[in-house]
Structures are given as structure tokens and as C-alpha cells.
Amino acid sequence: MRKIIIAGNWKMYKTIKEAIELSNALKREFFKLDTQAIDIVLCPPFTALSEVAEAVNETGIKLGGQDLYWAGEGAFTGEVSGRMLRDAGCEFVIIGHSERRQFFSETNESVNKKTKAALECGLTPIVCVGERLDEREAGKTFDVLRSHIEGALTGLSAEDVLRIIIAYEPVWAIGTGKTATPEQAQEAHKYIRDLLHKLYNQEVAQEVRIQYGGSVKPENTAELMNQPDVDGALVGGASLKAESFSEIIKKASEVLK
Ligand code: PEP
């Protein structure tokens, strides 16, 4: 049984005050829901991590960073380490988001170093993989997924990989309003799970949670979560409002796996 995990990626939105307001509004909404069966993770910008941690303290809502640097500390102006994320209250960290790959030269190699660094300091990496539209149209979706997964997991043992979450995020569906159909999502998730089996073993393939990300909204949550290999969602735009994010959580928690 894989527990559904819904994470909200707030990207570069929300001042500290706005982040506290959203956290408090979410707390009020989640109070009405049975959220025991589901993991809920908020990933605010770095500047608001501590305040959001305080706002959601003792609610069961978990916290994640949106990125980290692989060194423990040092002269790396502008970067944030895994240890700093832990210190701010994080249990999770998003790694290799397509926006980082597209705008900040993130590569499979840097994703691999960051994944190792996250594991070393006890964070759960949410490793993002996914093809661009031109790659899908050229029939290269599985090739891209294989290269992202093999790249991210290079040098990691089965025990390490059991502590990772993978987010399948087709780039053409992120922030575009275009969602992958449940069949497209299931096909990609199944491919990833089969690849984990080939690279590791049956246990890894069965245990690792694979989230879908790309224009997830309350209206499409249930059909996506109902797919056998879809274990949750990484939500961007719809996580910025308490009503839509809590509606997604509600729909996801109604899905019986
Ligand atoms: C994301 O940022 O990971 C994402 C999936 O964004 P959106 O839900 O807005 O498409």
C-alpha cells in the first residue's frame, strides 16, 4: 500500500505574510477533512519556511524546500543546504523541477548530486522527471524518462531509492492548463515503475511513490489518483489558494487504493 502524497509547490509566490495567511486558511480547511490517510506537504519559498513551519506545527502538515545545494556549507552565495532546510523544519525537498532544468541549467548530474545530498541529511527528495512537448511528439517520452531517472539515481542503492519520491511532470502540462490524460499519466508512471524494477528490484518498484504533476485541479484529481500507478500529485498553481488545494486533498483522500 502506497500512501497518497499531495505536495503544493508555491514556486516564487507569497511573501511571509501571505504565506502565513495561506497556511492558516489551509489549516482551517484541513481541520474538516480526514487527512490521516494522506501525506500533505507545503513547499513555500525559502524566505517563508520558518513561519509556515510554525503555522502548521502539530497539524500533521509537512514542509518541503523547492531546491537545495549539494554542499553541506561553504562559500556558495545564494545557495541553501539540506541542513539549513532541515533546520527550517523541512522533511522534503523538490529536486530537478523542470523550471530549474529550463531556467537554471539543472542537469541530470546536478539532480543526482542534490538527491544524494538530500538523502545524506535525512530529507526526502521529490525528484522531478518529465518530457517536453517536442520530445513527446518525437516519440521520445520513455527515452527522456529513462535518462532522467537513471541520471538522478546514479550510484544510489535500493535502500536509498526506497526513501525517494518521484514526480512525473510532463513539461507541456506544467502551468499550461493542459493536463495529461489519466491514460497518459498511467502509461508514464507504469514505465517508471517497470524501470525501477529493472534497475533495482520488485520491492523498490512496488514501494516508491510516483506523483503526477501538471495542471492538477480539483476537477481532474480523482481520475488521475484512480490510476493504479499514480500515488499523489505535485501541485503548482492550484496550491496557491486554500479552496482549490484543500479540494484537491479532499478528492485525493476519497480515492481508495
Ligand atoms: C509544478 O509546479 O510542479 C506544477 C505541476 O505546476 P502546475 O500545477 O501549475 O502545472
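## Exercises on a predicted model

The side chain of Ser239 comes within 2.7 Å of the backbone oxygen of Gly236, a polar contact (a pair of N or O atoms within 3.5 Å; within protein, one must be able to donate a hydrogen and the other to accept it, and residues adjacent in sequence count only if both atoms are side-chain atoms). The model is predicted, so local features need pLDDT of at least 70 and side-chain atom pairs count only at pLDDT 80 or more, while totals for chains, interfaces and linings use all residues. Residues are numbered from 1 along each chain as its sequence is written, and side-chain values use heavy atoms, with hydrogens and water left out.

### Exercise 1

Locate Ser239, state whether Ser239 is buried or exposed, and give the distance from its side chain to the backbone oxygen of Val235.

Solution. Step one: Ser239 belongs to the loop between strand E8 (232-235) and helix H12 (242-254). Helices (H or I, at least four residues) and strands (E, at least two) are DSSP runs, numbered from the N terminus. Step two: Ser239 counts as buried because its relative accessibility is 0%; buried means under 20% relative accessible area, exposed over 50%, and partly exposed in between (1.4 Å probe, protein chains only). Step three: a polar atom of the Ser239 side chain lies 3.2 Å from the backbone oxygen of Val235.

### Exercise 2

Describe the surroundings of the ligand: how many residues surround it, and which are the closest?

Solution. Step one: the ligand is surrounded by 14 residues, and the closest are Lys11, Glu169, Gly175, Ser215 and Gly237. A residue is near a molecule if one of its heavy atoms lies within 4 Å of it. Step two: sort the shell by residue type, which gives 4 nonpolar, 8 polar and 2 charged residues. Here Ala, Val, Leu, Ile, Met, Phe, Trp, Tyr, Cys and Pro count as nonpolar, Asp, Glu, Lys and Arg as charged, and the others, Gly among them, as polar. Step three: list atom distances. An N or O atom in the Glu169 side chain is 2.7 Å from an oxygen atom of the ligand. For Gly236, a backbone N or O atom is 2.8 Å from a ligand oxygen, and for Gly237 a backbone N or O atom is likewise 2.8 Å from a ligand oxygen. Step four: of the 290 Å² of accessible area that the ligand has on its own, the protein covers 96%. Accessible areas come from the Shrake-Rupley method with a 1.4 Å probe; for residues, only the protein chains shown count as cover.

### Exercise 3

### Exercise 4

State how many aromatic pairs the structure holds, then describe the pair of Tyr69 and Phe76.

Solution. Step one: the structure holds 5 aromatic pairs. Step two: Tyr69 and Phe76 form a tilted pair, 4.8 Å centre to centre with 45° between the planes. Rings of Phe, Tyr and Trp (its six-membered ring) pair if their centres lie within 6.5 Å; planes under 30 degrees apart count as stacked, over 60 as edge-to-face and the rest as tilted. Step three: Tyr69 is buried because its relative accessibility is 17%, and Phe76 is partly exposed because its relative accessibility is 36%. Step four: Tyr69, Trp70 and Phe76 form one aromatic cluster.

### Exercise 5

Find what lies over the ring of Phe104, and which side chain Arg193 contacts.

Solution. Step one: the charged end of Arg100 sits over the ring of Phe104, at 4.2 Å from the ring centre. A charge sits over a ring if NZ of Lys or CZ of Arg is within 6 Å of the ring centre and within 35 degrees of the ring normal. Step two: Arg193 lies in helix H9 (residues 182-199) and is buried because its relative accessible area is 4%. Step three: the side chains of Arg193 and Asp231 are joined by a polar contact of 2.7 Å.
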